Amino acid sequence: MFAPFKEYLEEELFKRFDLRSRSIPPGLESNVSERGKNPATIQSWCYQCSQLRKVRYSYIDAGETAQVFNSVIYPAHHYDIPLLGVDFLSFGKKKILVVMDFQPLFRDRAYLDKYIEPMREIRDKYNELAQNLEMKFYDANQYFSKYLLFAKTDSETVVNRLFPAYQEYIELYWQMLENAEPLTEAKDIQRIVEAQKEYDQYSAERDPAHGLFSSYFGAEWSEKFLYEFLFEDASPLAISSGRK
């Protein structure tokens, strides 16, 4: 279901940036599960370039049982722009959840006006994809913007509304990156380093996808996938203790 989204992102990335492969720990780049009703495969890709320190995306294909596309783009540490987060999940044609956002690193008014307000026009255009659903695992006031796309929807809407919204959000993100002023002060760059680390820690401790990964690929593999690839700057000890 979400293969066109993955392909569009890949085309955009390779067209616009001088990408280099970023290493994925051995054994985490792909896996196959026979546990569910349908066999499930997961594949992951990771790249970097001068503007983007980490571009990662993963796809789970379990046929009609599950289709999942997840991606996070981390700007280089000399940019203070938000992260770009995508999480599209389909469990059959009628159970589809979509999340997409520019995930702010800071909450001060100047930052939000500069990087979040530009999203408003697109979000308003696709208002049916912004359903104000309750966040069960996350605090909506941390690392999410008020203009995120967050909806339970159907396959027809995925094709006709989500895909064009996705393209517009990505195009806006590229514009934002192109217009961003590189940071030059060491203290300002260090502030971004710490903010991105804190994002990884927060996300690793709360990511609901860990249960999905575990159900298909086992707890041990999923734990490694979570903090050695998805959120590699998170502390494993903090994650483990948080789950006990």
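Begin by selecting strand 7 and strand 8 (residues 149-153), which pair in the antiparallel sense over five bridges. Strands here are DSSP runs of E at least two residues long, helices are runs of H or I of at least four, and both are numbered from the N terminus; two strands pair if DSSP finds at least two bridges between them. Look for Leu97, which sits opposite Lys152 in strand 8.

A word on the ground rules: this is a predicted model, where local features need pLDDT of at least 70 and side-chain atom pairs count only at pLDDT 80 or more, while totals for chains, interfaces and linings use all residues. Residues are numbered from 1 along each chain as its sequence is written, and side-chain values use heavy atoms, leaving out hydrogens and water.

Gly85 is opposite Asp101 in strand 7. The two strands make a hairpin with five residues between them, and Gly92 in the turn has a positive phi of about 85 degrees.

Next, click Phe69. Beyond its neighbours within four places in sequence, its contacts (heavy atoms within 4.5 Å) include Phe2, Tyr57, Phe88 and Tyr166.

Last stop: helix 5 (residues 186-206). Among its buried residues are Ile192, Tyr199 and Tyr202.

Note on methods:
Buried < 20%, exposed > 50% of the residue type's maximum accessible area, 1.4 Å probe, protein only.
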